[in-house]
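This report covers one protein model.

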Amino acid sequence: WNYLVWVRAIVIDVVEAYVYWSDAELNRIERCRIDGTDRSVLTKRVKEPFGLTIDYKTRQLFWTDHTLHRISYMYLNGSDVSILFSDKNLLQAPYGITVDENYLYWTDYKRLAVFRASKEGGATEQRIVGTHLRNPYQIGTYGRSRQPRPPPG
């Protein structure tokens, strides 16, 4: 229980002081407090979770699953695990993921590109950056929605 095997992504919720990570070998997403206490498995409904991102506005965690060709999400407490997209043609090898006010952005290292789609689901993907990126693994966005302020004290 104290070990990590193949951690693929780590994100920090500075508002609630939790660290989240995906383990692609143990097939799960976990969290603990920043000081290492209160560790828990949030979901095992994953195969190879590679990318993680927090939507601070909705208090949800989104992730890519390389093997299942999915983008999924849940609330930060682990409740309501849901699939947003599941399509082997659309998500051939999803890796990094990030979110802004209205969209999810992800990298696909087989398609060598960056894509975006509505975080509400149902919309088709839109290619953002070319088709010949070299090793498109991680991605990030910057803006007020990505820089929450921790509570005072």
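Strand 6 is largely enclosed by the rest of the structure, because 6 of its 6 residues are buried. Buried stands for under 20% relative accessible area, exposed for over 50%, and partly exposed for what lies in between (1.4 Å probe, protein chains only). The model is predicted, so local features need pLDDT of at least 70 and side-chain atom pairs count only at pLDDT 80 or more, while totals for chains, interfaces and linings use all residues. Numbering starts from 1 along each chain as its sequence is written, and side-chain values use heavy atoms, with hydrogens and water left out.

Both faces of strand 6 are covered. Q60, F62 and T64 are buried on one side, and L61, W63 and D65 are buried on the other.

Strand 6 pairs with strand 5 and with strand 7, as tabulated below. Pairing requires that DSSP finds at least two bridges between two strands.

| Pair | Sense | Bridges |
|---|---|---|
| Strand 5 and strand 6 | antiparallel | 5 bridges |
| Strand 6 and strand 7 (residues 70-75) | antiparallel | 6 bridges |

Strand 5 and strand 6 form a hairpin with 4 residues between them. The hairpin of strand 6 and strand 7 also has 4 residues between the strands, and H69 there takes a positive phi near 55°.

The largest nonpolar core has 15 residues, and those with the most contacts inside it are Y20, I29, L52, I54, L61, W63 and M74. Strand 1, strand 2 (18-23), strand 5 and strand 6 each supply at least two residues of this core. Such a core is a set of buried Ala, Val, Leu, Ile, Met, Phe, Trp, Tyr and Cys residues joined through side-chain atoms within 4.5 Å. L61 is in contact (heavy atoms within 4.5 Å) with V11, Y20, I29, L52, T53, I54, S72, Y73, M74 and L76, not counting residues up to four places away in sequence. Another core, of 13 residues, lies apart from the largest one, and F62, I71, L84 and F85 are among its members.

On the surface, I10, I12, V14 and I34 form a nonpolar patch with about 360 Å² of accessible area together. I12 belongs to strand 1 (residues 7-13) and is partly exposed, at a relative accessible area of 42%. Accessible areas come from the Shrake-Rupley method with a 1.4 Å probe; for residues, only the protein chains shown count as cover. Patch residues have over 30% relative accessible area and no salt bridge; nonpolar side chains (Val, Leu, Ile, Met, Phe, Trp, Tyr) are joined within 5 Å, like charges within 9 Å. A salt bridge has a side-chain nitrogen of Lys or Arg within 4 Å of a carboxyl oxygen of Asp or Glu.

Most residues other than glycine have a negative phi. D38 has a positive phi, near 60°; it sits in the loop between strand 3 (28-33) and strand 4 (40-43) and is partly exposed at 45% relative accessible area. R59 also has a positive phi near 60°, lies in the loop between strand 5 (49-55) and strand 6 (60-65), and is partly exposed at 25%.

Overall, the protein has 0 helices and 12 strands. Buried residues make up 44% of its 153 residues. Its accessible surface comes to about 8300 Å², of which 47% belongs to carbon and sulfur atoms.
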